[in-house]
Amino acid sequence: MYKFEEQFEQAPYNDLLAIYQHSFADNFSLPALTDYITGKSLNYGDLGRRIARLHLFYELAGIKPGDKIALFGKNNPNWVVTFMATITYGAVIVPVLAEFNPTDATHIIDHSDSVLLFCSDNLFPNLDFEAMPQLRAVISLDTRTIIRERSQTNEFNKLVKGLTRYFRKRYPAGFGASDIKYKHFDGNSTALINYTSGTTGFSKGVMLTLNNLRGNVVFGIRSNLHYRGSRALSFLPLAHAYGCAFDMLTPLAVGSHVTLLGKTPTPMLLLKAMKQVRPSLIICVPLILEKIYRKVVVPMITKKPMRWVLAVPMLDKAVYAIIRNKLVEAFGASFEEIIVGGAPLNREVEDFLLQIKFPFTVGYGMTECGPLISYSPWRRFKPGSAGRTLSGIMEAKILVDETLQDSSHPQGEIMVRGLNVMKGYYKNPDATEAVLEQDGWLHTGDMGWLESPNNRTVFIRGRYKTMILTANGQNIYPEEIESKLSNMPYVNECLVIDRGGHLVALCHPDTEAVKADGVTDNDLADIMEQNRKTLNKIVAPYEQVESIEIMPEEFEKTPKRSIRRFLYK
């Protein structure tokens with residue numbers, strides 16, 4: 001179970017850094033990175049050269065393999081160069097989500113023991129430099145100049161100013177493909193500390209090894225997710241495991257061209273960028289598909305003439321084909337599939353996309369697995385599932401909960417084991433011991449079942465920590481109720497909570513739609529009450545919602561845009 005197929009245990013696939021050495025050299029003249037905002041590009045030769053320059057900087061600055069390097073900024077080519085240079089040098093990269101508030105970011109940088117910080121110019125003024133005493137210097141991600149250093153002699157500033165001279169001396173004949181050489185490090189050594197943006201409390205530093213990253217990258221290569229000359233549009237945060245693995249690490253391993261959006265991916269901006277870049281694969285979170293479904297598809301199919309057409313056999317297929325083609329065109333028309341991950345996909349949206357034969361699939365993962373646990377190509381995707389555990393890389397089992405009797409499949413917490421499972425939480429042995437068993441099994445905290453032990457298809461019901469146990473012993477997964485309610489009129493987002501033994505739905509309305517349609521406060525209250533009655537007709541008797549409370553503001557969220565549920569208990 002822990003071994004790849006034989007061809008992927010041979011060089012260079014048995015060594016993550018060797019994969020990049022070969023990719024950067026073999027694709028030396030091909031485009032590697034493009035900044036969508038500025039339009040500036042780097043080819044793989046430029047990427048290799050900038051990595052070598054940063055390696056020299058680390059060497060002259062006395063940085064050692066294993067030292068921690070923090071990275072705080074939005075996606076751009078310099079962010080990618082810093083990440084790749086750090087792991088190929090043997091140091092440990094600590095990416096910090098740009099959306100973290102300054103207090104949390106300062107704490108993470110200090111907690112990680114980072115000795116250098118690469119930071120966007122606009123983010124550093126909000127950090128407390130004195131609260132990070134282990135930092136030797138802060139380097140601008142924008143200009144590569146020194147923003148701040150601890151030394152009274154300005155040693156880092158002098159080093160940066162002389163770096164071009166040192167680099168020419170190191171490579172007197174110029175830098176070529178043959179100069180791209182990376183040392184070998186033990187695959188079990190830590191390469192990345194990824195601080196989670198959890199919904200249940202303060203983040204923990206997930207230690208991912210070179211082999212953890214290799215498991216994800218080699219699976220991506222083996223599955224042909226990216227390939228030489230393919231195109232990727234990176235709009236998810238690269239500081240998060242999902243975007244990092246499949247919008248950066250995997251495409252760069254095979255010679256893909258990555259365009260970095262570098263801006264908040266609003267639907268309008270994203271669809272514009274899709275048409276321009278025409279990505280070969282789209283890595284997406286459910287929110288994107290769900291917003292497009294609600295804003296574009298729902299108004300189209302709920303109009304009376306359209307409802308009549310969809311009720312006529314054969315005509316409905318023609319209409320669905322038109323809708324499918326429009327959606328495919330909207331996403332650039334060149335992609336093989338859209339992989340949805342990071343959160344559960346709304347079941348109504350999923351059912352509609354399946355009905356029109358839209359090329360999408362749903363994967364399952366977590367930061368602690370760097371991130372991938374299960375995935376199936378869209379043509380083999382099983383409705384309602386989260387794909388199949390990665391063959392030869394990951395395995396899963398169910399820690400059966402005998403109180404879950406409402407299914408023909410044994411249900412309980414999903415446990416996983418394999419090459420992708422983390423080393424542990426940085427400087428937090430108690431938290432590590434709580435989720436990681438001695439024999440390598442990881443508690444995911446997700447509740448669900450497997451279709452069968454041999455089939456490996458994973459089905460998820462909800463988080464263990466959010467499950468509500470009723471007085472009658474019924475287990476309620478609020479996510480399942482929320483999925484239904486969120487598709488009802490004027491609901492933007494919602495949470496279902498237990499209040500004194502009764503279920504209450506907290507709803508933040510779609511303010512744009514409310515304003516556009518001239519809906520008054522009284523009208524909205526009546527609409528939400530009707531939503532509640534409609535909802536209660538389609539949920540189990542023990543899942544009945546007693547009331548809906550309208551929330552004037554959006555729910556507070558993690559940088560990954562997941563609701564911080566613990567704040568609303």
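User: Which residues of helix 13 are buried, and what makes them line one face of the helix?
Analyst: In this predicted model, helix 13 spans residues 347-355, and V349, E350, F352 and L353 are buried there. Viewed down the axis of helix 13, the buried residues fall within an arc of 165°, so they line one face.

User: What is found at the start of helix 13, and what follows the helix?
Analyst: A side-chain oxygen of N346 comes to within 2.9 Å of the backbone nitrogen of E348 at the start. K357, with a positive phi near 60°, follows helix 13.

User: Why is E413 called buried?
Analyst: Its relative accessible area is 13%, and buried means under 20%, so E413 is buried. E413 is in strand 19, residues 412-418.

User: How do you know that the side chain of E413 makes a polar contact with the side chain of H443?
Analyst: The distance is 3.1 Å, and the cut-off for a pair of N or O atoms is within 3.5 Å.

User: Why is the pair of F24 and Y44 called tilted?
Analyst: The ring centres lie 5.9 Å apart and the planes are at 40°. Pairing needs centres within 6.5 Å, and stacked means under 30 degrees, edge-to-face over 60 and tilted the rest, so this pair is tilted.

User: What makes the pair of F24 and Y182 edge-to-face?
Analyst: The centres of F24 and Y182 are 6.4 Å apart and the planes are at 85°; edge-to-face takes over 60 degrees, so the label applies. This pair links distant parts of the chain, 158 residues apart.

Technical notes: Residues numbered from 1 in each chain as written. Predicted model: local features only at pLDDT ≥ 70, side-chain atom pairs only at ≥ 80, totals over all residues. Heavy atoms only, no water. Helix = DSSP H or I, 4+ residues; strand = E, 2+ residues; numbered from the N terminus. Buried < 20%, exposed > 50% of the residue type's maximum accessible area, 1.4 Å probe, protein only. Polar contact = N/O pair within 3.5 Å; in protein donor to acceptor, adjacent residues only side chain to side chain. Arc of directions from axis to C-beta. Phe/Tyr/Trp six-rings, centres within 6.5 Å; stacked < 30°, edge-to-face > 60°.
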